[in-house]
Amino acid sequence: MTFQTKKAVRKAVPAIICLYGKSGGGKTYSALKLAQGLVGKERICLIDTENGRASHYADEFDFDIIDLDPPFTPSRYIQAIKTAQDGGYKAIVIDSISHEWEGIGGCLEMAEDKTGLQAWVKPKEQHRKMMNMLLQAKSHIIFCARAKDNLKQVKINGKAEIVNHGLVPIQEKNFPFEMLITLKMEDKGKVSIEKCIKGLEESLKINGYINESHGKIIADWINQGAKVDLEAKQLMAEARAEAIKGVDIVSWVNSLDEKQKAIAKSFDSEFKKELVAIAKEAGANGLGEAITGEQALELEELAKKAGLTNHQICGSYNIDSLLQFPLDEFEKAKANLKAKEIKKDEVKDENN
């Protein structure tokens, strides 16, 4: 695999924006104002996890809604966002992204049933997939996030005291840093900029409240960048994700619709070589697509019951980690391990 150097050029990629604050702070209203400014008369979709509250603004704004009900897993957010993108919406408002983290079926709840590092394998894997999709989005995306007080225990004059360090969004700790712009909602709808590219921040000049003009300023700044084929960019990201799983690139291309096939076939030869190299490396010496983190945990548990270690399982398949275990061997391996467990129990009974 070879790498190339090239001159850095700012590209016209869609905005990813987060507005966070406590309930009643004006997040939804401000997000719709921003969306309207970003896309003008183009279509806006709002993914609503707040039991239809966004419809209160239907008389003032022209937008469509996707109702997202529990469970609030990252994969369901991915499906909802994909539905909006495939529907041709140029701006997507997600109200609220906090449910993905601490709502019913969200990441925190997904981690409750297990202990230690294993508890976070599945939720982190799903959350990462969602973030990767968002970073490759072909629509502007505006998140509304709830906020909580950032309380920390510190020692003052030898005594332990609780100090409030201000509001933080209810989301994974690195979430705000993935945004182009992060805005904190203050009292009565006022906002302050927490993160923004310097040149754009100087142009925004937010004086307390958000309106459509701020969305237009952001759109104008983005459009000054080099044009990007967003459909090709998204398809390249999907191709790389499949290659990382060890999927054969030819098989993947054949699974696409005709429009996508035409785009994929236009990928330059260097990118195609890169995909083949990634797939070969990730496919555990050609063993094919690998299992998920959740399946790896299931395999580990079965191995333990059968009296085997992860090292022994990996050694049998010439892989370094259970996360490289070939998917097409998964069911067979499960059956074999269950058989070993039964045989182990029978031997134990005979000895007793």
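Reader: At what angle do helix 1 and helix 7 pack, and how far apart are their axes?

Author: This is a predicted model. In it, the angle between helix 1 and helix 7 is about 45 degrees. Their axes lie 6 Å apart.

Reader: Are helix 1 and helix 7 parallel or oblique to each other?

Author: Angles under 35 degrees count as roughly parallel, and 65 to 115 as roughly perpendicular. Helix 1 and helix 7 are therefore oblique. Their crossing is right-handed.

Reader: Which residues in helix 1 and helix 7 meet?

Author: Helix 1 brings Lys-33, Leu-34, Gln-36, Gly-37 and Leu-38. Helix 7 answers with Glu-212, His-214, Gly-215, Lys-216, Ile-218 and Ala-219. Sorted by class, this contact has 4 nonpolar, 4 polar and 3 charged residues.

Reader: Now the core. Which residues in the largest nonpolar core touch the most other members?

Author: Start with the general idea. Nonpolar side chains in soluble globular proteins tend to be buried together. Here the largest nonpolar core has 33 residues. Ile-17, Val-93, Ile-142, Ile-181 and Ile-218 touch the most other members. Elements giving two or more residues to this core include strand 1 (16–21), strand 4 (91–95), strand 5 (140–156) and helix 7 (212–223). Helix 1 supplies the largest share, 6 residues.

Reader: What is Ile-142 in contact with, leaving aside its neighbours within four places in sequence?

Author: Ile-142 is in contact with Ile-17, Leu-19, Ala-31, Leu-34, Ala-35, Leu-38, Ile-92, Val-93 and Ile-94. Another core lies apart from the largest one. This other core has 26 residues, among them Phe-72, Ile-97, Ile-141 and Ala-145.

Notes
Residues are numbered from 1 along each chain as its sequence is written. This is a predicted model: local features need pLDDT of at least 70, side-chain atom pairs count only at pLDDT 80 or more; totals for chains, interfaces and linings use all residues. Side-chain values use heavy atoms; hydrogens and water are left out. A nonpolar core is a set of buried Ala, Val, Leu, Ile, Met, Phe, Trp, Tyr and Cys residues joined through side-chain atoms within 4.5 Å. Buried means under 20% relative accessible area, exposed over 50%, partly exposed in between (1.4 Å probe, protein chains only). Helices (H or I, at least four residues) and strands (E, at least two) are DSSP runs, numbered from the N terminus. Contact means heavy atoms within 4.5 Å. Axes are lines fitted to C-alpha atoms, for helices over the stretch in contact, and angles run from 0 to 180 degrees between N-to-C directions. Angles under 35 degrees count as roughly parallel, over 145 as roughly antiparallel, 65 to 115 as roughly perpendicular and the rest as oblique. A crossing is left-handed if the near helix is turned anticlockwise from the far one by less than a right angle, and right-handed if clockwise. Ala, Val, Leu, Ile, Met, Phe, Trp, Tyr, Cys and Pro count as nonpolar, Asp, Glu, Lys and Arg as charged, and the others, Gly among them, as polar.
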